[in-house]
Amino acid sequence: MASGYLLNRGALTLGIHCQRACRNISLSQVREKKRWMKAYTYLMAKKLKLEGPPPPTPRSQQPHWDYHAEVQAFTHRLHENFSLELLKTAFINPCYLQMEQEKRKGLGVESETAALVLKDNVQLSKKGSAFTESFLTDWCRASFPSLPAIGVESIVGHLTSPAVITYVARNLGIEDLTMSAEFPVPDDVLCSTFMAVIGALQESSGAERTGLFLRDFLVTQLIGKDLFDMWTVVNPMGLLVEELTKRKIPLPEPRLIRSAGASTVLPLYFVGLYSDKKLLAQGPGETLAAAEEEAARVALRKLYGYTESHRPFDFSPQQQHQQPFIQSVASN
């Protein structure tokens with residue numbers, strides 16, 4: 001009994017000590033968020049709303065930038081053999097040289113002691129622009145032999161427009177390498193830089209590789225484009241009459257094929273164009289005049305070979321030594 005009494009007393013004493021220790025411990029919940037964070041976040045959001053987002057900084061002013069390595073990576077990324085000196089010259093715009101000279105004058109540096117040993121890309125840009133227009137014109141005439149000259153000019157004008165050129169240039173990463181006085185790079189400066197890159201490629205790898213480059217990156221922008229989105233035709237019926245007269249085909253006769261909802265707010269008419277009792281084309285419209293105009297556009301697409309179901313463009317790489325291989329196989 002004595003032993004049992006001692007055990008119970010020891011357990012009671014231990015429990016009392018534990019209660020006293022627990023009274024001295026204060027538990028506090030930690031949310032891992034500072035009290036000042038709410039006010040700071042609110043002030044920063046208010047400042048962003050009043051002042052707007054900060055101006056963009058060019059990639060060359062951000063950490064881990066090596067211009068020479070980036071230029072080399074550009075050539076390998078495109079799988080083209082550029083001359084590095086020509087490619088670096090293609091990225092230097094006259095506005096950048098003028099800005100650097102003004103900076104040096106502002107710092108009091110004499111132009112003779114610290115002259116800029118750099119050359120702008122004006123000559124390369126002119127050469128690349130001339131080659132691009134020549135190649136695209138020849139490609140359009142070879143792909144669409146029935147298309148008139150004004151249609152070819154419209155397609156070439158669309159492919160060389162600032163919107164298309166800047167879209168291709170930005171997706172190729174040319175904007176990050178362009179040396180310009182302003183950032184973001186203006187569209188006209190970016191277009192001239194892209195043409196200078198074309199000129200540098202022509203001098204480095206020749207006209208054949210440059211033509212393939214333009215085919216792969218510029219001509220592909222025609223995919224999904226309608227002919228008359230690039231070529232504005234005011235009177236399609238008059239143009240169709242001229243084309244049929246040149247081909248000595250009887251003039252078209254518009255006829256109403258079918259209609260729906262003629263007495264409603266949204267009527268629909270289908271007009272067919274017949275020539276020598278044969279249906280040339282048909283088109284829909286909310287009015288008879290609009291349906292006749294759309295039918296004329298459909299007939300023109302068929303005459304020029306630029307329909308939605310035309311044969312896909314050939315963008316496959318050239319097969320080198322294919323013809324000698326075929327001849328050798330045939331001889332064996």
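**Exercise 1.** In which helix is Thr75 found? Determine also whether Thr75 is buried or exposed.

*Solution.* The model is predicted, so local features need pLDDT of at least 70 and side-chain atom pairs count only at pLDDT 80 or more, whereas totals for chains, interfaces and linings use all residues. Residues are numbered from 1 along each chain as its sequence is written, and side-chain values use heavy atoms, with hydrogens and water left out.

Step 1. Thr75 belongs to helix 3, residues 67–78 (a helix is a DSSP run of H or I with at least four residues, numbered from the N terminus).

Step 2. The relative accessibility of Thr75 is 6%, and therefore Thr75 counts as buried (under 20% relative accessible area with a 1.4 Å probe, protein chains only; exposed is over 50%, partly exposed in between).

**Exercise 2.** Identify which residues Thr75 touches, not counting residues up to four places away in sequence.

*Solution.* Contact means heavy atoms within 4.5 Å. Under this condition, Thr75 touches Glu80, Phe82, Leu84 and Leu87.

**Exercise 3.** Compare the reach of helix 10 with the expected value, and state which residue follows the helix.

*Solution.* Step 1. The expected span is 1.5 Å times one less than the number of residues. Helix 10 (residues 187–205) has 19 residues, for which 27 Å is expected.

Step 1. From first C-alpha to last, helix 10 reaches 27 Å, close to that expectation.

Step 2. Gly206 follows helix 10, and its phi is positive, near 100 degrees.

Terms used
Helices (H or I, at least four residues) and strands (E, at least two) are DSSP runs, numbered from the N terminus.
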